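Please open the model in your viewer and keep the selection tool at hand. The stops below say what to select next and what is there.

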Amino acid sequence: QTFEKLLIANRGEIACRVIKTCKKMGIKTVAIHSDVDANAVHVKMADEAVCVGPAPTSKSYLNMDAIMEVIKETRAQAVHPGYGFLSENKEFARRLAAEGVTFIGPDTHAIQAMGDKIESKLLAKNAKVNTIPGFDGVVKDADEAVRIAREIGYPVMIKASAGGGGKGMRIAWDDEETREGFRFSSQEAASSFGDDRLLIEKFIDNPRHIEIQVLADKHGNALWLNERECSIQRRNQKVVEEAPSTFLDPETRRAMGEQAVALAKAVKYSSAGTVEFLVDSSKNFYFLEMNTRLQVEHPVTECITGLDLVQEMIRVAKGYPLRHKQADIPINGWAVECRVYAEDPYKSFGLPSIGKLSQYQEPLHVPSVRVDSGIQQGSDISIYYDPMISKLITYGSNRAEALKRMEEALDNYVIRGVTHNISLLREVIIHPRFVRGDISTKFLPEVYPDGFKGHKLTDLERRELLATAASLYVAEQLRSQRFLGTPRIPIAKSKRSSWELSVHLGDGIYPVAVSKDGSSFSVEVDGMKLNVTSEWNLASPLLSVTIDGTQRTIQRLSRNASGNTSIQFLGTVYKLQILTKVAAELSKYMPEKAAEDTSSILRSPMPGAVVAVSVKPGDMVSEGQEICVIEAMKMQNSMIAAKTGKV
């Protein structure tokens with residue numbers, strides 16, 4: 001026996017994920033949506049869907065009154081909150097309980113205890129869980145923040161007590177940064193969680209972020225379902241996760257698992273939850289926080305344990321005891337998850353990008369790939385919600401196999417219409433440090449100290465790219481000469497078999513000679529001959545090309561009449577210009593277009609809402625001074641002056 005009807009108080013990929021399990025269990029589903037999400041995938045997947053308000057989250061997905069109304073109207077017996085939004089809101093859980101509706105998650109006591117970082121730290125200490133040294137109380141003002149920070153010793157982390165998802169967190173290395181961090185964090189916390197209480201703790205340098213998945217029922221049973229390694233992060237948000245971790249030995253894993261379960265039992269936890277730990281280089285681990293909900297990265301745990309966590313959550317909520325014992329929980333194989341975001345990785349590892357997905361194709365033809373997404377071709381990525389496109393998960397019998405499949409899956413993923421971070425994801429998973437497992441939460445800033453610049457081509461890879469681009473150009477020329485049906489010109493010219501081209505890539509201009517040999521091309525670059533074969537199906541968004549026996553999947557994103565083309569090769573998009581030798585010689589007579597001087601304008605790098613303006617016309621500003629604050633995709637960004645001048 002299970003619930004007859006369940007409402008999902010969420011949107012996007014997690015709503016779709018919950019609906020899939022409900023369908024499998026024979027439970028009817030109700031979706032809620034804002035007016036801009038009326039055509040969203042989760043709305044189409046559910047049995048019923050009701051609009052709960054306009055686009056801003058505070059008026060729709062966080063609008064408790066409207067959601068309670070829908071629950072009464074549709075007679076839903078249970079609510080799954082997903083992650084984010086109301087998933088850790090004790091008030092929502094309390095209101096559901098008052099109406100006799102089951103909240104699929106822990107009870108309000110556990111949400112309150114673990115959602116408050118101050119209370120959770122005290123509880124963890126009492127449950128004999130290792131905790132980070134810090135100040136166990138609410139910080140009143142910036143002066144007190146500075147005093148506490150000095151006592152603990154810099155660096156310190158200032159964070160929102162009610163927080164999560166990297167919102168309302170700042171690291172401070174001195175008194176001035178502490179004051180600024182206090183101001184920004186309390187503003188972000190107030191706008192994200194409606195609660196501006198902050199706490200301060202020691203910032204552990206170079207840690208790993210490893211979390212333990214726990215599952216508990218209402219009969220006092222609790223299990224730990226191994227760990228997830230989530231150290232690859234930017235702005236305190238995870239980018240790549242994997243299970244298990246390369247770093248933990250069975251003893252540390254058991255110790256962490258047992259402490260996580262001890263904490264869950266201390267708060268009488270039921271449902272799925274996650275206990276996050278920071279682990280230093282000597283394998284000392286410290287309790288960070290407990291998330292009383294399903295995590296974004298739960299699929300990697302499902303892959304290696306074979307459990308469906310959403311199904312387990314629903315069973316527990318209905319009052320069933322767990323079906324497994326600790327000894328039954330395996331680690332089978334290895335799973336890796338990449339979070340595919342609509343954002344530009346070249347700008348501080350990912351500034352949000354918006355747009356319509358003009359073309360979208362998931363790499364489901366690659367073996368052992370799972371894609372959790374809540375969008376489809378034609379969907380809009382808007383400024384109102386998280387810019388996540390999907391979670392791409394690959395599974396293998398060992399780590400090398402899972403990573404190899406991830407590489408293939410990223411190459412075969414077609415996303416057009418928005419900027420995306422596939423180039424960054426693909427670089428991370430092939431980076432020698434990542435492959436060795438030598439990672440920490442500082443991985444991105446350490447590996448790319450000057451920011452991410454895309455894949456650096458080796459000489460061989462550069463030749464492969466030039467040969468592929470030239471072959472594509474020739475294949476295109478040949479295709480455009482062919483007439484289908486009868487030739488209109490009775491005397492066809494003799495077939496041409498060789499081309500002299502000039503290819504412009506980066507700062508270099510390379511002469512390339514192409515000759516056709518059956519269905520393949522022989523290409524000469526840098527005095528070396530390469531053999532390029534392919535089906536040359538130019539209408540397909542994915543092209544599989546074999547260069548001297550090496551198979552590569554490439555995507556040609558654009559081309560124009562003046563020979564400019566952009567090709568996604570090894571995950572990164574390269575801009576090339578391909579001209580015949582004659583055209584290349586003439587192109588030097590073309591005038592150059594001068595770039596405009598933008599230093600005297602302040603241009604927002606992304607669309608968003610202006611939440612504060614710190615200057616007025618006539619003010620003198622110096623370089624680096626804050627002009628305004630823009631909120632986009634739930635993050636606050638301070639916009640600064642590029643040079644000294646007058647507003």
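Across the whole structure, a search finds 52 salt bridges, a salt bridge being a side-chain nitrogen of Lys or Arg within 4 Å of a carboxyl oxygen of Asp or Glu. Side chains of opposite charge can pair when their charged atoms come close. This is a predicted model, in which local features need pLDDT of at least 70 and side-chain atom pairs count only at pLDDT 80 or more, while totals for chains, interfaces and linings use all residues. Residues are numbered from 1 along each chain as its sequence is written, and side-chain values use heavy atoms, with hydrogens and water left out.

To see one of these pairs, select K5 and E48, which form a salt bridge whose closest N and O atoms are 2.5 Å apart. The pair links distant parts of the chain, since K5 sits in strand β1 (residues 5–8) and E48 in strand β3 (residues 48–53), 43 residues apart. Helices (H or I, at least four residues) and strands (E, at least two) are DSSP runs, numbered from the N terminus.

Next, select helix α4 (residues 90–98) together with helix α5 (residues 108–115): their axes come within 9 Å and cross at roughly 175°. Axes here are lines fitted to C-alpha atoms, for helices over the stretch in contact, and angles run from 0 to 180 degrees between N-to-C directions. The crossing therefore makes α4 roughly antiparallel to α5; angles under 35 degrees count as roughly parallel, over 145 as roughly antiparallel, 65 to 115 as roughly perpendicular and the rest as oblique. Show the side chains of K90, A93 and R94 in α4 and of T108, I111 and Q112 in α5, for these residues make the contact, where contact means heavy atoms within 4.5 Å. By class, this contact of α4 with α5 has two nonpolar, two polar and two charged residues; Ala, Val, Leu, Ile, Met, Phe, Trp, Tyr, Cys and Pro count as nonpolar, Asp, Glu, Lys and Arg as charged, and the others, Gly among them, as polar.

Now turn to the loops. Select F85, in the loop between β4 (78–80) and α4, where phi is near 45°, a positive value in a residue other than glycine. K283, in the loop between β12 (271–279) and β13 (285–291), also has a positive phi, of about 65°, although it is not a glycine. For the peptide bonds, go to Y154 and P155, which are joined by a cis bond with omega about -5°; P155 is in the loop between α7 (142–152) and β6 (156–160). The bond from A243 to P244 is cis as well, with omega near -10°, and P244 lies in the loop between β11 (237–243) and α9 (250–266).

For the last stop, colour domain 4 (333–446) and domain 5 (459–481 + 496–588), whose bounds come from an automatic or database domain assignment. Their C-alpha centres lie 27 Å apart, and the contact takes 15 residues from domain 4 and ten residues from domain 5. The two domains bury about 990 Å² between them, 44% of it on carbon and sulfur atoms, buried area being the accessible area (1.4 Å probe) that two parts lose on being put together, summed over both. Within domain 4, select D411, R416 and R426, which lose the most area to domain 5, together 46% of what that side buries. How many salt bridges are counted between domain 4 and domain 5? The count is zero.
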